[in-house]
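The sequence and structure come first.

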Amino acid sequence: MQQNSTLKKLSEILNISISTVSRALKDHPDISDKTKMKVRELADALDYEPNTYAIQLRTNTSKVIGILVPSINNFFYDYFIAAVEMRAREFGYSVLIMQSGDKVEIEASNLKLLKQNRISALFIALTIDTKNIDSFLKLNSLDIPVIFLDRVPDYDNCNKICFEDRAASRIAAEKLIEKGKKHVLALFGHPNLTITRKREQSFRETYARLYPEAILDIQFPENSAPSRQVTIAALESASRPDAIFCMGDLILIGVMEAIHDKNIRVPEDIAVIGISNGFIPNMYKPRITYVETSGYKLGLQAFDRLLACFLDKNDIKEVMVEPILVPGSSL
């Protein structure tokens with residue numbers, strides 16, 4: 001039989017009302033077990049499936065959770081999505097994933113599409129240039145919980161979950177200081193981002209407090225291609241650094257490309273440490289020491305935060321996840 005068998009078709013064959021068919025499929029107590037069995041057997045035979053879009057229109061809700069991130073071509077967001085999708089499935093939800101491409105206009109357009117699909121909740125990592133978050137906060141008034149993740153706004157009265165970014169940089173800086181690294185090339189992401197500003201400030205403050213005579217070369221190459229160029233320039237300079245700090249995985253990739261191009265030994269000639277989701281540092285020999293900021297772990301905790309929001313829409317909280325040092329052999 002065709003897939004689009006309807007409640008009307010079921011009611012005509014069984015010679016009962018559409019409302020009786022509907023209630024039988026919902027296991028309503030007013031319907032006899034005998035009728036329920038007949039309806040279910042026929043529904044199975046006809047491959048009947050509920051019209052989920054009609055249900056969404058009627059209830060103005062869905063069992064869909066929206067995820068809007070700058071790019072899924074990023075191990076952190078990839079792992080985050082995997083964790084949320086796994087937990088969502090356990091609770092009968094599906095996920096709708098969209099990418100902003102780090103562009104405000106695409107982010108706004110995708111938000112409209114997510115609203116049109118009547119999402120039940122939204123996880124959002126903001127673009128580099130997003131300043132106004134009113135359109136996201138308005139979803140809360142529609143009983144659609146919004147949880148900002150990783151790239152979060154400088155706004156207190158909203159749900160946010162991210163790693164303790166200041167702690168992540170502090171841990172890395174303390175490890176470099178412990179190893180006596182006094183000339184560090186420290187590479188960070190885009191300076192517009194709160195996550196970048198927090199990590200840079202903490203890194204500077206830790207060195208100023210514990211090793212004030214050290215030299216810090218702070219730069220913002222953002223991703224692999226610029227970080228490769230910056231690293232090559234540093235390696236070719238007369239005052240070559242004795243260590244490189246990488247704020248993220250894409251930066252680490254560019255740094256390691258430059259180090260391999262120049263046949264520089266790690267850690268004999270230069271030390272390397274980064275902040276990472278965990279996959280990239282294990283691709284190199286020796287393995288890179290890193291401060292773990294796992295997208296998967298954040299995704300699990302983010303879904304727990306969402307469940308709390310479902311129970312109480314007024315439950316607003318900023319969750320800070322503590323990072324951990326994962327030792328390698330690059331220092």
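## Cavity

The structure holds one cavity of 30 Å³ or more. On a 1 Å grid over the protein atoms alone, a cavity is a set of points where a 1.4 Å probe fits but cannot get out, and lining residues have an atom within 4 Å of a point. Points are joined across faces, edges and corners, and a volume is the space filled by probe spheres set on them.

The model is predicted: local features need pLDDT of at least 70, side-chain atom pairs count only at pLDDT 80 or more, and totals for chains, interfaces and linings use all residues. Residues are numbered from 1 along each chain as its sequence is written, and side-chain values use heavy atoms, with hydrogens and water left out.

Helix H9 (residues 194–210) gives the largest share, three residues. Helices (H or I, at least four residues) and strands (E, at least two) are DSSP runs, numbered from the N terminus. By class, the lining has three nonpolar, one polar and four charged residues. Here Ala, Val, Leu, Ile, Met, Phe, Trp, Tyr, Cys and Pro count as nonpolar, Asp, Glu, Lys and Arg as charged, and the others, Gly among them, as polar.

The largest pocket holds about 780 Å³ (a pocket is an open set with protein on both sides within 12 Å along at least five of seven lines). Of its 33 lining residues, Asn74, Tyr77, Arg151, Glu222 and Leu250 are closest to the centre. H5, H9, helix H11 (249–261) and strand E9 (271–276) each supply at least two lining residues. The lining divides into 15 nonpolar, ten polar and eight charged residues.

## Sheet

Six strands form an open, parallel sheet, ordered E2-E1-E3-E4-E5-E11. Two strands pair if DSSP finds at least two bridges between them. Strands E2 (94–99) and E11 (318–321) stand at the edges with a single partner each, so one side of each lacks a neighbour in the sheet.

Strands E4 (residues 146–149) and E5 (residues 159–163) pair over three bridges. Ile147 has Asn159 in E5 as its bridge partner.

## Salt bridges

The count is 18 salt bridges (a side-chain nitrogen of Lys or Arg within 4 Å of a carboxyl oxygen of Asp or Glu). One joins Arg87 and Asp304, with the closest N and O atoms 2.9 Å apart. This pair links helix H5 to helix H12 (residues 295–311), 217 residues apart in the chain.
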